[in-house]
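The stops below each start with something to select.

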Amino acid sequence: MTFVVTESCIKCKYTDCVEVCPVDCFHEGPNFLVIDPEECIDCTLCEPECPVEAIFPEDDLPEGQEKFIKLNAELSLEWPVITEIKEPPSDAKEWEGRKGKLELLENADDLRGEIAAIRSYSSARLELPEQAIGHAEEA
């Protein structure tokens, strides 16, 4: 099992978790951190350090955050390792607790298509019940 950084980190990017990590598993992107699942030793030290509660065990992710397992794994291959605490973005407090931040994730260009596909899939799942109702009424 590994730990996963989820949507709450986007645009907040607090790095308290990085400082307590005994291995180099955190990677830094423009506005998000990720955990390399190959490096994470499941020590649990990072989870309580996150002020926005963005870090979860892979087996205990909140509903709707499952897509971040793949994003962490893929982005950790693209982004550099971070091992020291840094100042958060100046507007980090404004982003705390906001939902729907996936579209704001700044990442490697080659992953933009996958993120668009994830968004499209999520939107289609949300719209499906209404479409199904519409089709049932037509029958």
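**Before you start**

This is a predicted model, in which local features need pLDDT of at least 70, side-chain atom pairs count only at pLDDT 80 or more, and totals for chains, interfaces and linings use all residues. Residues are numbered from 1 along each chain as its sequence is written, and side-chain values use heavy atoms, with hydrogens and water left out.

**Stop 1: the whole chain**

Show the cartoon. The protein has 4 helices and 4 strands. Along the sequence they follow the pattern β-α-β-β-β-α-α-α. Helices (H or I, at least four residues) and strands (E, at least two) are DSSP runs, numbered from the N terminus.

Now colour by burial. Of the 139 residues, 39% are buried. Buried means under 20% relative accessible area, exposed means over 50%, and partly exposed is in between (1.4 Å probe, protein chains only).

Contact means heavy atoms within 4.5 Å.

**Stop 2: V5**

Select V5, in strand β1 (residues 3-5). V5 counts as buried because its relative accessible area is 2%. Leaving out residues up to four places away in sequence, V5 touches F26, F32, L33, V34, I35, A54, I55, F68 and N72.

**Stop 3: E28**

Move to strand β2 (residues 26-28), where E28 is found. Is E28 buried or exposed? E28 is buried, because its relative accessible area is 15%.

Which side chains make polar contacts with that of E28? K13 is joined to E28 by a polar contact of 2.8 Å. K86 is joined to E28 by another, of 2.7 Å. A polar contact is a pair of N or O atoms within 3.5 Å; within protein, one must be able to donate a hydrogen and the other to accept it, and residues adjacent in sequence count only if both atoms are side-chain atoms. Beyond four places in sequence, the residues that E28 touches include L33, W79, P80 and I82.

**Stop 4: the loop between β3 and β4**

Select D42, in the loop between β3 (33-35) and β4 (55-57). D42 has a positive phi of about 60°, although it is not a glycine. D42 is partly exposed, because its relative accessibility is 29%.

Go on to P48, also found in the loop between β3 and β4. P48 is exposed, with a relative accessible area of 62%. Its C-alpha atom is separated by 9.5 Å from that of D16, 32 residues apart along the chain.

Then pick E53, again in the loop between β3 and β4. Its phi is positive too, near 50°, in a residue other than glycine. E53 is exposed at 61% relative accessibility.

**Stop 5: the cavities**

Hide the cartoon. A search of the whole structure finds 2 cavities of 30 Å³ or more. On a 1 Å grid over the protein atoms alone, a cavity is a set of points where a 1.4 Å probe fits but cannot get out, and a pocket is an open set with protein on both sides within 12 Å along at least five of seven lines; lining residues have an atom within 4 Å of a point. Grid points are joined across faces, edges and corners, and a volume is the space filled by probe spheres set on the points.

The largest cavity has a volume of about 50 Å³. Select its lining: F3, C21, V23, C25, C40, I41, D42, C43, T44 and C46. These divide into 8 nonpolar, 1 polar and 1 charged. Ala, Val, Leu, Ile, Met, Phe, Trp, Tyr, Cys and Pro count as nonpolar, Asp, Glu, Lys and Arg as charged, and the others, Gly among them, as polar.

The second largest cavity has a volume of about 40 Å³. V5, C9, Y14, C17, F26, L33, C50, V52 and I55 line it. This lining has 9 nonpolar, no polar and no charged residues.

**Stop 6: a pocket**

Finish at the second largest pocket, with about 160 Å³ of space. Its lining includes E53, V52, F56 and R98. By class, the lining has 3 nonpolar, 4 polar and 4 charged residues.
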